[in-house]
Amino acid sequence: MPGTEVDVVVIGLGPGGEDVGARLARAGLAVVGVDARLVGGECPYYACVPTKMMIRATDALGEARRIDTLAGTATVDKDWAPVATRIRDEATDNWDDTVAVDRFTDAGGTFVRGRGKITGDRQVTVSTSDGERVFQARKGIVLNTGTDPAVPPVDGLAETPYWTNRDAVAVEEVPASLVVLGGGPVGCELAQVFSRFGAKVTIVQHSERLVPGDEPEAGDLLAQAFADEGITVRTGLSAARVSYESGQFTVKLDNGEVVSADRMLVAAGRKTDMKALGIGAAGLDDSARGVTVDERMRAADGLWAVGDITGHGAFTHMSMYQARIAAADILGTEDAETADYRATPHVTFTDPEIGSVGMTEAEARAKGLNVRVGLSELQNSSRGFVHKIGNKGFIKVVEDADRGVLVGASAVGPNGGEILGALVVAVHGEVPVATLRRMIYAYPTFHRAIEDAIDKLA
C-alpha cells in the first residue's frame with residue numbers, strides 16, 4: 001500500500017522522540033510523530049516529575065521529624081491531598097498532553113494519535129481510531145517507544161488489582177499498608193514515599209540487596225535507613241503466589257513466609273513488545289529485549305532508535321542525549337558527536353539519596369582493570385558533623401590505577417545527586433587523579449569528602 005510521503009516518522013514521543021522530531025522539524029524536514037499514549041512519555045506523567053514531587057513532600061516530612069533533635073519541637077500532621085493535587089494540576093494537567101502536542105506541532109511536526117508499526121522498508125502503519133494510516137519515510141524512522149512496567153509471571157498476580165508506578169502516582173489516598181515487589185530505584189522511592197505518609201510498607205526484593213545496580217555499600221545503607229523508618233525489607237526472596245480477597249493482598253514468598261497488605265505495587269523492571277513494533281520488517285530480531293544501535297543511534301539502514309529500548313539506561317537524560325546524536329546524524333551534520341557512555345550518571349531519590357556514575361567497583365574489576373578504591377563517610381566530614389541527624393552517606397571513587405583516572409564513583413547521602421556532578425565531570429573528562437588531589441574543595445561542604453576519598457585510594 002502506498003503511503004503518505006514524509007521525511008521522517010518518529011514512533012514514540014517520549015522526551016527523546018519529541019526532541020529528535022522537533023529538531024528535525026525545525027530544520028525543515030517533514031516529520032510525523034506517532035504515539036498512542038501521552039506525548040511526553042513516562043517521565044512527566046508517571047515517573048520523573050510526579051514521583052519527585054511526591055519525594056519533595058516526603059523530604060519535608062523527613063526533615064520535620066529531625067526538628068526535635070536540632071531546633072526544638074514540632075508536630076506534623078500528614079496530608080496527602082496537597083501532593084495529589086500538585087501532581088494532578090501542576091505536573092500532569094490531569095494527564096492531559098495538550099501542551100506537549102502543541103509544543104511538537106508548533107516546532108513544525110505533524111502528530112498522529114495511534115499505535116505505529118514498521119510494516120516495510122522505511123514504512124510505518126499507524127492504527128488510529130479512524131482506521132489505518134500509512135507513511136513512507138524518505139530518510140527513515142526513529143524509534144522512541146520507551147518501556148512498560150514488567151509484571152513477573154507470579155501465580156495469581158495477574159488476577160489481582162496490583163499497582164504499577166502509573167497507578168501509584170495517581171492515588172488520592174495513601175493505603176494503610178503496602179507490599180512492594182521490587183527493590184530497585186522505583187520500588188525504593190515509592191516505598192519510602194508511602195511509608196512517610198503513614199503506610200506500613202514491606203519490600204520484597206529477589207536480589208540479595210536493594211538497588212543492586214549500585215555499589216553494595218549503597219544498598220546496605222539504604223536498607224538500614226529503611227529499617228530505622230519502620231520499612232520492612234526482605235531481600236533474597238521472591239513472590240511465589242499472590243491472591244486478593246476482601247480488600248487484602250496475600251503474598252506467599254518462596255520461603256513460605258506470608259505478607260499481607262491493602263495494596264501491592266509491582267516495580268519489577270520494564271519491558272517492550274518488539275513484535276508489536278514490527279522491527280522484524282526492518283531486518284532486526286523481534287525476539288530481542290531491545291534494539292542495538294551504533295554510536296550514531298543507527299539500528300539499520302534508515303532506522304534509528306533512542307531511549308529505553310537501546311539498553312543504555314531507562315533515564316530521561318539518556319533519551320535526550322541520544323536524541324541529539326540521532327538528529328545530527330539524520331541531518332548529516334559534519335563532525336557530529338558520537339555516543340560515549342563512560343560517564344552515564346543516575347540518581348535514586350531516596351533519603352539517603354544515591355548518585356552513581358560510570359562503573360561500580362565490581363564492574364571495573366570484571367573488566368580486568370587494575371582497580372584502586374577510596375571511600376569517605378560523609379558523617380565523618382566537617383559538613384556531616386554540622387548536619388548531624390540524617391548525615392549518613394559516603395563518597396566512593398573507583399580508579400583505573402594504570403591510567404590514573406576515575407572510571408566510576410558514587411555519592412550517597414544528603415544531596416547525593418548534586419554532589420555527583422563533580423564526579424561526573426571527573427569521569428567523563430578523565431581528569432587525572434593527581435589533578436583531583438591538587439584541587440581546592442570548599443569548606444565545609446559535603447563534596448569536600450571527594451578529596452578525602454581520593455586520598456584513601458588503595
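Where does proline 352 lie? In this predicted model, proline 352 sits in the loop between strand E18 (345–348) and strand E19 (353–358).

## Cis peptide bonds

The bond joining aspartate 351 and proline 352 is a cis peptide bond. Its omega is about 15°.

Tyrosine 443 and proline 444 are also joined by a cis peptide bond. Here omega is about -10°. Proline 444 belongs to the loop between helix H15 (433–438) and helix H16 (449–455).

Methionine 297 is not a glycine, yet its phi is positive, at about 75°. Its loop runs between helix H10 (274–277) and strand E16 (298–300). Is methionine 297 buried or exposed? Methionine 297 has 0% relative accessibility, so it counts as buried.

Asparagine 415 is not a glycine either, and its phi is positive at about 55°. This residue is found in the loop between strand E22 (405–413) and helix H14 (416–428). Asparagine 415 has a relative accessible area of 46%, so it is partly exposed.

## Helix H11

Helix H11 covers residues 316–331, 16 residues in total. At 1.5 Å a residue, H11 should span 22 Å. The C-alpha atoms at its ends are 23 Å apart, which agrees. Just after H11, glycine 332 has a positive phi of about 70°.

Which residues of H11 are buried? They are Met318, Ser319, Tyr321, Gln322, Ala323, Ile325, Ala326, Ala327, Ala328, Asp329 and Ile330. These buried residues pack against strand E1 (4–11), helix H1 (15–26) and strand E6 (131–143). They also pack against E16 and strand E17 (303–305). E16 is the strand at the end of the loop that holds methionine 297.

In general, an α-helix has 3.6 residues a turn, so residues three or four places apart point the same way.

## Where H3 crosses H8

Helix H3 (residues 48–64) and helix H8 (residues 185–196) have axes that come within 9 Å. The axes cross at roughly 50°. That angle makes H3 oblique to H8. The crossing is left-handed.

Which residues make the contact? From H3 come Thr51, Lys52, Met54, Ile55, Thr58, Asp59, Leu61 and Gly62. In H8 they meet Glu189, Leu190, Val193, Phe194 and Arg196. By class, the contact of H3 with H8 has 6 nonpolar, 3 polar and 4 charged residues.

Methods. Residues are numbered from 1 along each chain as its sequence is written. This is a predicted model: local features need pLDDT of at least 70, side-chain atom pairs count only at pLDDT 80 or more; totals for chains, interfaces and linings use all residues. Side-chain values use heavy atoms; hydrogens and water are left out. Helices (H or I, at least four residues) and strands (E, at least two) are DSSP runs, numbered from the N terminus. Buried means under 20% relative accessible area, exposed over 50%, partly exposed in between (1.4 Å probe, protein chains only). The expected span of a helix is 1.5 Å times one less than its number of residues. Contact means heavy atoms within 4.5 Å. Axes are lines fitted to C-alpha atoms, for helices over the stretch in contact, and angles run from 0 to 180 degrees between N-to-C directions. Angles under 35 degrees count as roughly parallel, over 145 as roughly antiparallel, 65 to 115 as roughly perpendicular and the rest as oblique. A crossing is left-handed if the near helix is turned anticlockwise from the far one by less than a right angle, and right-handed if clockwise. Ala, Val, Leu, Ile, Met, Phe, Trp, Tyr, Cys and Pro count as nonpolar, Asp, Glu, Lys and Arg as charged, and the others, Gly among them, as polar.
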